[in-house]
Amino acid sequence: MGILTIRPRYQELARVVKGEFPDADVSGFVGRRGSFEIEVNGQLIFSKIETGGFPYEDDVMDVVQAAYDGKPLQKITKSRAPCVIM
């Protein structure tokens with residue numbers, strides 16, 4: 001999974017979050033190969049390395065909503081399988 005594949009996933013997720021939560025500070029950077037991690041308020045809520053795939057947008061939005069509401073954040077443990085091109 002290369003950087004070109006991950007960047008569009010980040011951009012789409014950032015667009016969805018900003019669409020629902022315009023005040024959210026959304027930032028991203030290229031990390032180690034094969035990683036896709038999401039932190040909310042400094043807490044790791046999703047890791048592709050741990051789950052083997054990418055998060056579902058609805059799950060991410062649920063965590064962002066919980067943070068917005070001041071509720072405890074739950075780590076996302078399910079994922080969709082990554083796309084593999086051979």
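1. A contact here means heavy atoms within 4.5 Å. With that in hand, residues 24 or more positions apart account for 53% of the chain's contacts that have a separation of 6 or more. Please keep in mind as you read on that this is a predicted model.

2. Now for the layout. The chain has three helices and two strands, and from the N terminus on these elements run α-β-β-α-α.

3. A word on burial and surface. Of the 86 residues in the chain, 30% are buried. The chain exposes about 6000 Å², with carbon and sulfur atoms supplying 51% of that area.

4. The largest nonpolar core is worth a look in your viewer. It holds 18 residues, and those touching the most other members are Ile38, Val40, Ile45, Val60 and Leu73. At least two core residues come from each of helix H1 (3–20), strand E1 (37–40), strand E2 (43–47) and helix H3 (57–68). H3 gives the most, with six residues.

5. Leaving out residues up to four places away in sequence, Ile45 touches Ile38, Glu39, Val40, Val63, Leu73, Gln74, Lys75 and Ile76.

6. Finally, do check the backbone at asparagine 41. This residue sits in the loop between E1 and E2, and Asn41 has a positive phi of about 50° although it is not a glycine. Is Asn41 buried or exposed? The cut-off for exposed is over 50% relative accessible area; asparagine 41 has 70% relative accessibility, so it counts as exposed.

Notes:
Residues numbered from 1 in each chain as written. Predicted model: local features only at pLDDT ≥ 70, side-chain atom pairs only at ≥ 80, totals over all residues. Heavy atoms only, no water. Core = buried A, V, L, I, M, F, W, Y, C linked by side-chain atoms within 4.5 Å. Buried < 20%, exposed > 50% of the residue type's maximum accessible area, 1.4 Å probe, protein only. Helix = DSSP H or I, 4+ residues; strand = E, 2+ residues; numbered from the N terminus. Areas by Shrake-Rupley, 256 points an atom, 1.4 Å probe, with all protein chains shown as cover.
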